Amino acid sequence: KGKTLTEQFFSQGADIVLPVAGPVGVGSGQATLDKAGTKVIGVDSDWYGLASHAEYKANILTSVEKKMAKAVLEIIKSGVDGTFTGGDENQYVGTLANGGVKISAQHDVVYPDGIQAELDAIQADIISGKIVVSSIYKK
């Protein structure tokens, strides 16, 4: 299904896909092999180093990583130090500022000159609050 959906996106003019739907990402990555110039953005972890994505790793633009170990550690620490209270208002929300999410490093895909500096500036502006990223979760 991931490959079929991605092929449909490519036929509509997309050249980069972000398959946020679990295992369909493998099919999305495979679709990049059939259409030159297309890329995929990995989800949840850095796909570049995973065997399940090795076939098309040269077409992985980057990955959006959820740093689950960080979340688990924070929750365990709050339980150990007696500050864990649970409930919606006390949920751990991974952010760039707390290291709960990140963008993977560049691998085979080389960014055009200046892009990494722009990405770094955007990240700094998100962390500082200059750029506001809205969420249903308020901390």
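**A mixed sheet, its core and its salt bridges**

In this predicted model, a polar atom of the Ser63 side chain lies 3.1 Å from the backbone nitrogen of Trp47, a polar contact (a pair of N or O atoms within 3.5 Å, where within protein one must be able to donate a hydrogen and the other to accept it, and residues adjacent in sequence count only if both atoms are side-chain atoms). Because the structure is predicted, local features need pLDDT of at least 70 and side-chain atom pairs count only at pLDDT 80 or more, while totals for chains, interfaces and linings use all residues. Residues are numbered from 1 along each chain as its sequence is written, and side-chain values use heavy atoms, with hydrogens and water left out.

Ser63 belongs to strand S3 (residues 60–66); here helices (H or I, at least four residues) and strands (E, at least two) are DSSP runs, numbered from the N terminus. With a relative accessibility of 0%, Ser63 counts as buried, where buried means under 20% relative accessible area, exposed over 50% and partly exposed in between (1.4 Å probe, protein chains only). Setting aside residues up to four places away in sequence, Ser63 touches Ile41, Gly42, Ser45, Asp46, Trp47, Lys102, Ile103 and Ser104, contact being heavy atoms within 4.5 Å. Strand S3 as a whole is mostly covered, with five of its seven residues buried.

The sheet around S3 comes next. Four strands, in the order S1-S2-S3-S4, form an open sheet with mixed pairing. Strand S1 (16–17) and strand S4 (101–103) are at the edges with a single partner strand each, so one side of each has no neighbour in the sheet. Two strands are taken to pair if DSSP finds at least two bridges between them. Strands of a sheet pair through backbone hydrogen bonds, either parallel or antiparallel. S1 and strand S2 (residues 39–44) run parallel over two bridges, and Ile16 has Lys39 as its bridge partner in S2. S2 and S3 are also paired in the parallel sense, over five bridges, with Val40 opposite Ile60 in S3. The pairing of S3 with S4 is antiparallel over three bridges, and there Val64 stands opposite Ile103 in S4.

What makes up the largest nonpolar core? Eight residues do: Phe10, Val17, Ala31, Val40, Val43, Trp47, Tyr56 and Ile60. A nonpolar core is a set of buried Ala, Val, Leu, Ile, Met, Phe, Trp, Tyr and Cys residues joined through side-chain atoms within 4.5 Å. In soluble globular proteins, nonpolar side chains tend to be buried together. Val40 illustrates the surroundings: leaving aside neighbours within four places in sequence, its contacts include Val17, Trp47, Tyr56 and Ile60, along with Pro19, Ser28 and Gly29.

Turning to charged pairs, the count is three salt bridges, each a side-chain nitrogen of Lys or Arg within 4 Å of a carboxyl oxygen of Asp or Glu. In one of them, Asp34 pairs with Lys3, the closest N and O atoms being 3.0 Å apart. This pair links distant parts of the chain, 31 residues apart, with Asp34 in helix H2 (residues 24–34) and Lys3 in helix H1 (residues 2–11). Asp34 is exposed at 54% relative accessibility, whereas Lys3 is partly exposed at 31%. Asp44 forms a salt bridge with Lys66, with 3.2 Å between the closest N and O atoms. Asp44 lies in S2 and Lys66 in S3, so this pair ties together parts that are 22 residues apart in sequence. Asp44 is partly exposed at 36%, and Lys66 is partly exposed at 44%. Lys67 and Glu65 form a salt bridge with closest N and O atoms 3.0 Å apart; Lys67 is partly exposed at 30%, while Glu65 is buried at 7%.

Finally, helix H4 (residues 115–128) contains Gln123, which is partly exposed at 35% relative accessibility. For the 14 residues of H4, 1.5 Å a residue predicts a span of 20 Å, and the end C-alpha atoms are 20 Å apart, in agreement; the expected span is 1.5 Å times one less than the number of residues. Just after H4, Gly129 adopts a positive phi of about 95 degrees. In the loop between S4 and H4 sits Val110, exposed with a relative accessible area of 65%.
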